[in-house]
Amino acid sequence: METARVLVAADKFKGSLTAVQVAERVTAGLRRAVPGVRVETLPVADGGDGTVAAAVAAGFERREARVTGPLGEPVTAAYALRGTTAVVEMAEASGLQHLPAGVFAPLTATTYGSGELLAAALDAGARTIVFGVGGSATTDGGAGMLAALGARFLDADGKPVGPGGGGLAALAEADLSGLDPRLAEVDLILASDVDNPLTGPKGAPEVYGRQKGATEDDIAVLDAALAHYASVLGPDHAELPGAGAAGGIGYGALVALGARFRPGIEVMLDVLGFAPALARATLVITGEGSLDEQTLHGKAPAGVAAAARAAGVEVVAVCGRLALTQQALETAGIRRAYALTDLEPDPAVSMAQAGPLLERASEALARDFLRP
């Protein structure tokens, strides 16, 4: 029998384990059951939080910059660099993780720091920037980001509008002439797992506003403000896939920075070197914290499974909880999934003990798929 060569290409288990820790625990479980198994790990991400960490695990250099957080306070944000390619994660600068517990600012949270982080990557010599967007605390259409890069957004009195999406209601003039000229020379790839438009029933405020603390009134205010903003900058771009990503930062990147949208997991698999790793594998193990309907719509495990299936390599998954039928799994290209909640039904305990439980699940997987 051919010696098994396993590729572990899983995303984080949000709230429990990073993608790197998932790979470590899976490897430990596999080797406990089959000591000689050959394992290669490639932590993956889909453009949201954890994207920089996945790039660093794949050999990129971690860089840090002090930037403006979503509430206007300074924060330390990381990006990843290899040669002239940078991976910038907007959540590092403008993400929900920078908000104090229970504190939201749906109308005023700004993406200014994301623009500063892009500028830091330009300063470091980046010529290709993968801009991963997701996990944002913001709904400002990327106006803050553009302001940090040299744009000016003025009210009827010629004064800068206030921060956040709420301030855009007063927008009278958008002056993009001062944008950093280096942006015209860079290939900027908007990497996202969502393809929502900017506004409307499927737009950024309606679909994602509530998780950022927006009330129903706030959502109406933000939707109207973003529609007004788009009427000034360019309404055609507002309907493009990804325009509504991360509170509309996708729109700002598309309309003003010449970005091109690609599904986040596809971009990241390219950047991380998934294809050559896949060519060496006889079995792929993917996964994330919750395998559910969202997984099927552009999340990392679905992207990994699709690529592996195209190459004729079998895929199995590990997860914290499983909310997909066997048929749905197989349609996605996943032969079987091993859930931690099968070992520990209490979700709180399962999350707290995710590491040891994942090792046990991986032992079971190895017995089922790796033993002759």
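**View 1. The contacts of S350 in the predicted model.** Leaving aside its neighbours within four places in sequence, S350 is in contact, meaning that heavy atoms lie within 4.5 Å, with G320, L340, T341, E344 and L357. This is a predicted model, in which local features need pLDDT of at least 70 and side-chain atom pairs count only at pLDDT 80 or more, while totals for chains, interfaces and linings use all residues. Residues are numbered from 1 along each chain as its sequence is written, and side-chain values use heavy atoms, with hydrogens and water left out.

**View 2. The helix and the burial of S350.** S350 has its place in helix α14, which covers residues 347–352; helices (H or I, at least four residues) and strands (E, at least two) are DSSP runs, numbered from the N terminus. S350 counts as buried because its relative accessibility is 4%, where buried means under 20% relative accessible area, exposed over 50% and partly exposed in between, with a 1.4 Å probe and protein chains only.

View 3. The protein has 15 helices and 13 strands. Its radius of gyration is 21 Å, close to the 21 Å that the globule rule gives for 372 residues, so the protein is as compact as a globular protein of that length; the radius is taken over C-alpha atoms, and the rule is 2.2 Å times the number of residues to the power 0.38. Buried residues make up 55% of the 372 residues in the protein, and, among contacts between residues at least 6 apart in sequence, 71% join residues at least 24 apart.
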